[in-house]
Amino acid sequence: MAIDRIDIDVTSPGRNFVTAVVTTSEGITGLGDATLNGRELSVASYLRDHVAPTLIGRDESAIEQTWQYLYRGAYWRRGPVTMSAIAAIDMALWDIAAKKAGVPLYKLLGGACRTGLLSYAHASGTTIDSLLAAVRGYVENGFHAVRIQAGVPGLGQIYGVHDTAPGETYEYEPAGRLTEGAPLRPAEESWDTAAYLRHLPEVFAAVREEFGGDLRILHDGHHRMSPIEAAKLARSIEPYDPFWLEDATPGEDQTALRLIRQHSVTPLAIGEVFNSVHDYQVLITERLIDYVRSSATHAGGITGLRQIMTFAGVYGIRSGFHGPTDVSPVGMAANLHLGLAIHNFGIQEYMPHSDVTLEVFRTSYRFEDGLLHPGEAPGLGVELDREAAAAHEYVPAYLPVNRLADGTVHDW
């Protein structure tokens, strides 16, 4: 068999997704997620105009060779657009391989290392009381691990923080969609690190007092702190036994994590904006992190993410794969199959997709008693209803911009 056709589908069932549909000469199709929030059309063009034409007629079973061809063969390496495009092709070829074998993908990756994948939910609230109510809802729904994000007194809208009424499903979408007549530019939020550092230990204390010591609690700093600020926060929340502190400081300077490690034993997670094993070199070899936060969608697919986790495993570092709803169900399934098969799995982020998204992407993975499983359908276990997808046209959307009170653009 050979690759006969590659289609790039852009659809927006509640939010924008980019999917590569690879079809072989015998009619077997594979799906790959190429969604890059706020930059979807860049990846779609990269795939459609530059990648797909070079792959027609090639052996679809040569997955590693194809990955190296797309990565090493191009002069311009790495970066989120390139690696998301490579990821989509890689996932689709793995999907095809497992469908040909008639098995779920994890069995081609070495088989299951566990019965299910410990997963964490996103709980947030503009006040501590509303946060506690959100956490309680997730605990009642079977989660044993919850990420906690709370509003900061004196600040307005903060990325990732919303109130949810009892029984209501919060549909997470950080990218602002274009509305009729509105200018096409990102929303802007304000930030005050000092107020955040004062408030967050109170948030951790309240959650621990309400739910006890068994609940695993996580927090995302979202790159907003300098290294010394992050060290201060990591140390201040130590008494509340956090599962991890995520993205405490921007990750481009890997050596910045040394300062945090010097001052705290709070476990650290980073990497959702990383896209290759090279982004982790110092972090892994010096054991400056405890969890890898990349996703298959943005780190070169299953092949690229497995490279990272093999390297991390040598140093006892575990996975915490990125899994928000701006990773499509195809990308989520790829995370789950790899997570089930690797030895050094840690935890999986899980934000359920909306009903309208799941009408377009039909999934076989399941959640029960705090654990996810990719299911037993052949391949990735996700089907794309292309007719339903075509009914949801792309809508321009941007992630927000963060500023300090004096107007300075700040990390978010």
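**Exercise 1. Two backbone angles**

R78 is partly exposed, with a relative accessible area of 30%; here buried means under 20% relative accessible area, exposed over 50% and partly exposed in between, using a 1.4 Å probe and protein chains only. Where is R78 found, and what is its phi?

*Solution.* A word on the ground rules before the steps. This is a predicted model in which local features need pLDDT of at least 70 and side-chain atom pairs count only at pLDDT 80 or more, while totals for chains, interfaces and linings use all residues. Residues are numbered from 1 along each chain as its sequence is written, and side-chain values use heavy atoms, with hydrogens and water left out.

Step 1: R78 sits in the loop between helix 2 (63-72) and helix 3; helices are DSSP runs of H or I with at least four residues, strands are runs of E with at least two, and both are numbered from the N terminus.

Step 2: read the angle. Phi of R78 is near 65°, a positive value in a residue other than glycine.

Step 3: At 12% relative accessibility, H223 counts as buried.

**Exercise 2. The surroundings of D33**

Find D33 in the model: which side chain of opposite charge is nearest, and which side chains make polar contacts with D33?

*Solution.* Step 1: locate D33 in strand 3 (residues 29-33).

Step 1: check the charge. D33 is buried yet has no salt bridge, and the nearest side chain of opposite charge, R15, is 7.4 Å away. A salt bridge needs a side-chain nitrogen of Lys or Arg within 4 Å of a carboxyl oxygen of Asp or Glu. Lys and Arg count as positive, Asp and Glu as negative, and His and the chain ends are not counted.

Step 2: find the polar partners. The side chains of D33 and T35 are joined by a polar contact of 2.7 Å, and another, at 2.8 Å, links the D33 side chain to that of T297. A polar contact is a pair of N or O atoms within 3.5 Å; within protein, one must be able to donate a hydrogen and the other to accept it, and residues adjacent in sequence count only if both atoms are side-chain atoms.

Step 3: list neighbours. Not counting residues up to four places away in sequence, D33 touches several residues, including V18, S84, M91 and V327; contact means heavy atoms within 4.5 Å.

**Exercise 3. Salt bridges across the chain**

How many salt bridges does the model have? Which residue does R258 pair with?

*Solution.* Step 1: count. The total comes to 16 salt bridges.

Step 1: take R258. R258 pairs with E286, their closest N and O atoms being 2.7 Å apart. R258 lies in helix 8 (residues 256-263) and E286 in the loop between helix 9 (281-285) and strand 11 (291-292), so this pair ties together parts that are 28 residues apart in sequence. R258 is partly exposed at 34%, and E286 is partly exposed at 35%.

Step 2: turn to R293, which forms a salt bridge with E349 at 2.9 Å between the closest N and O atoms. Since R293 is in the loop between strand 11 and helix 10 (301-314) and E349 is in strand 13 (residues 348-349), the pair ties together parts 56 residues apart in sequence. Both R293 and E349 are buried.

Step 3: finish with D385 and R362, whose closest N and O atoms are 2.6 Å apart. D385 is in the loop between strand 17 (382-384) and helix 13 (386-390), R362 is in strand 14 (residues 361-363), and the two are 23 residues apart. Elsewhere, salt bridges that share partners join R5, D7, D9 and R386 into one network.

**Exercise 4. Packing on helix 10**

At what angle does helix 3 pack with helix 10, and which residues meet?

*Solution.* Step 1: get the geometry. Helix 3 (residues 80-101) and helix 10 pack at about 100°, with axes 6 Å apart. Axes are lines fitted to C-alpha atoms, for helices over the stretch in contact, and angles run from 0 to 180 degrees between N-to-C directions.

Step 1: classify. The two helices are therefore roughly perpendicular; that class covers 65 to 115 degrees, with under 35 roughly parallel, over 145 roughly antiparallel and the rest oblique.

Step 2: name the residues. A87, D90 and W94 in helix 3 meet G301, I302, T303 and R306 in helix 10.

Step 3: zoom in on T303. At 7% relative accessibility, T303 counts as buried. Its side chain makes a polar contact of 3.2 Å with the side chain of W94.
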